[in-house]
Amino acid sequence: MAKYIVKRVLLAILTILIVCAITFFAMNAIPGGPFDGEKAISDEVRRVLEQRFNLDKPVWEQFILYMNNLLHGDFGVSAKTGREIQVTIFSSFSVSARLGGMAIVVALIVGVVLGSVAALTRNKLPDRLIIFFSTLFTSLPSFVLGTLLLLVFCIQLKWVPVWSPTEQNYVLPVIALAAYPMAYITRLTKTSMLDALGQDYVRTARAKGVAQWKVIFKHTLRNALIPVVTYVGPMTASILTGSLVVESIFTIGGLGAKFVDGITNRDYPMIMGTTIFLAVLMTTMMLVTDIVYKLIDPRITLE
């Protein structure tokens with residue numbers, strides 16, 4: 001296990017370095033710069049700003065300087081606000097993590113429950129209804145669902161305020177974020193449950209007179225959760241950092257809003273900082289997922 005973890009950590013570091021290089025050079029390959037839209041500054045001020053952010057140097061030299069600062073824990077400062085990038089990321093991520101964490105819990109609990117019910121009532125009315133709605137939510141993008149929820153519940157019915165710092169305001173964004181992963185987990189759980197219910201060990205347990213609830217929870221559901229765990233890792237990272245459109249729709253000032261602003265304003269340090277943060281989060285979640293495999297099923301060997 002320890003050898004595997006060390007190998008995965010080294011691979012994760014290499015992956016992050018590759019992501020840094022691709023993002024940095026692709027970002028600088030696009031014509032323009034963070035100060036091209038500033039009409040109120042003089043050419044001399046522009047040159048000073050470019051020197052401050054090393055934009056007057058060749059791209060490869062800029063990359064070396066950035067990576068050197070990054071290895072020392074310095075993400076730089078925003079080219080637009082002058083605020084330290086790490087401060088902005090962590091303060092904004094607390095909002096995104098709160099919203100994303102609630103969406104993850106809802107998607108997991110509801111998805112596993114509905115998938116189990118669909119598998120146990122195969123070809124019956126509950127199964128047909130669950131599959132219909134899961135198919136609907138799978139094909140419905142989160143930003144479309146979020147817009148519909150905003151129009152119906154905020155503007156038409158006025159049950160929920162467009163934005164206020166209350167727990168009630170998180171209901172609609174959580175539904176919009178959790179709908180797709182919940183539907184996917186539902187279908188995944190149903191397929192895995194049906195496969196597990198047809199295994200010999202389940203038939204043997206039933207033949208021995210084991211209680212139905214014990215067959216479901218101990219023998220069937222535990223093995224059916226392995227494909228779900230596979231999806232949970234990247235899903236978690238995707239929800240936590242990929243909720244930028246939903247955050248914009250519901251005017252939630254999370255990391256997504258900062259990432260969008262960074263792209264719009266060509267704020268290179270902000271783009272790099274959020275991209276690296278996403279890469280670290282994604283690789284960490286993938287490693288945690290592999291370790292959870294072992295906890296769920298001890299028969300799995302990590303090499």
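**Exercise 1.** State how many residues line the largest pocket and which lie nearest its centre.

Solution. Step 1: a pocket is an open set of points on a 1 Å grid over the protein atoms alone, where a 1.4 Å probe fits, with protein on both sides within 12 Å along at least five of seven lines; lining residues have an atom within 4 Å of a point. Step 2: the lining has 19 residues, with F53, N54, Y66, N69 and P269 nearest the centre. Step 3: by class, 13 are nonpolar, four polar and two charged. Step 4: helix 3 (59-71) is among the helices that supply at least two lining residues, and helix 3 gives the most, four. Step 5: the space in this pocket is about 330 Å³.

The model is predicted: local features need pLDDT of at least 70, side-chain atom pairs pLDDT 80 or more, while totals for chains, interfaces and linings use all residues. Residues are numbered from 1 along each chain as its sequence is written, and side-chain values use heavy atoms, without hydrogens and water.

**Exercise 2.** Describe how helix 4 packs with helix 7.

Solution. Step 1: helix 4 (residues 85-120) and helix 7 (residues 171-197) meet at an angle of about 35° with axes 6 Å apart. Step 2: their crossing is right-handed. Step 3: the contact has 22 nonpolar, five polar and one charged residues.

**Exercise 3.** Is L255 buried or exposed?

Solution. Step 1: L255 lies in helix 11 (residues 255-264). Step 2: its relative accessible area is 4%. Step 3: buried means under 20% and exposed over 50%, so L255 is buried. Step 4: L255 and V95, 160 residues apart in sequence, have C-alpha atoms 7.5 Å apart.

How values were computed. Axes are lines fitted to C-alpha atoms, for helices over the stretch in contact, and angles run from 0 to 180 degrees between N-to-C directions. A crossing is left-handed if the near helix is turned anticlockwise from the far one by less than a right angle, and right-handed if clockwise. Ala, Val, Leu, Ile, Met, Phe, Trp, Tyr, Cys and Pro count as nonpolar, Asp, Glu, Lys and Arg as charged, and the others, Gly among them, as polar. Buried means under 20% relative accessible area, exposed over 50%, partly exposed in between (1.4 Å probe, protein chains only). Grid points are joined across faces, edges and corners, and a volume is the space filled by probe spheres set on the points.
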